[in-house]
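Open your viewer and keep the selection tool handy.

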Amino acid sequence: MKTVIAVYTGTGNSLYIASKFKDAEIHLVEEFLNGDYVLPESVDSLGIIFPVYCVGIPHPVKRFIEEVLGERDNSELGYLFAINTNGGMKGHANYQLEMLLAGNGLRLAYANSIRMPDAYLPLTRKFPSQKEALEMMEKEEETLAEIINDIETNQIKL
């Protein structure tokens, strides 16, 4: 089973999540947009992992969907999943993603969110210390393991 994950990351939280998928091929969204990586015609599973920006999806992820996925034949694209990382405000990111994908002829099979240390400067009153950040991530490891298991067993969840 071939799994490709498109990751958009700012501070590394989303890349960390993607790295937990053992047999996945991980590529940055920028690689797709620059033409440095071309998604194979037949992919069993495609993941999109990104941070929530201003309670929504980041612009490069929107471009990836419109310019990369929207411009190709996706008839052989299998299971499509998404995970967003957020500092506590997941907003409408998964709904926006689902609508954007639908507008480009794609259907999301699974979407979930995971809380990570907050890095959004305008709303952050106090950045967590390294110890606090590690404790937060440790608490989320069980949730992350459940999400990965759901995805690896092709669960449907929106």
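A cavity here is a set of points on a 1 Å grid over the protein atoms alone where a 1.4 Å probe fits but cannot get out; its volume is the space filled by probe spheres set on the points, which are joined across faces, edges and corners. This is a predicted model, with local features needing pLDDT of at least 70, side-chain atom pairs counting only at pLDDT 80 or more, and totals for chains, interfaces and linings using all residues. Residues are numbered from 1 along each chain as its sequence is written, and side-chain values use heavy atoms, leaving out hydrogens and water.

**Stop one: the cavity.** Select Y16, I17, I114, M116, M137, E140, E141 and L144, which line the largest cavity (lining residues have an atom within 4 Å of a point). Its volume is about 30 Å³. Now colour α5, which gives four residues, the most, to this lining.

**Stop two: Y8 and Y53.** Rings of Phe, Tyr and Trp (its six-membered ring) pair if their centres lie within 6.5 Å; planes under 30 degrees apart are stacked, over 60 edge-to-face, the rest tilted. The Y8 and Y53 rings have centres 5.9 Å apart and planes at 75°, so this pair is edge-to-face. Y8 is buried at 13% relative accessible area, while Y53 is partly exposed at 35% (buried is under 20%, exposed over 50%, partly exposed in between, with a 1.4 Å probe and protein chains only).

**Stop three: Y79 and F81.** This aromatic pair is tilted, 6.2 Å centre to centre with 35° between the planes.

Technical notes: 1 Å grid on protein atoms, 1.4 Å probe; cavity = no way out; pocket = protein on both sides within 12 Å on 5 of 7 lines; lining within 4 Å. Helix = DSSP H or I, 4+ residues; strand = E, 2+ residues; numbered from the N terminus.
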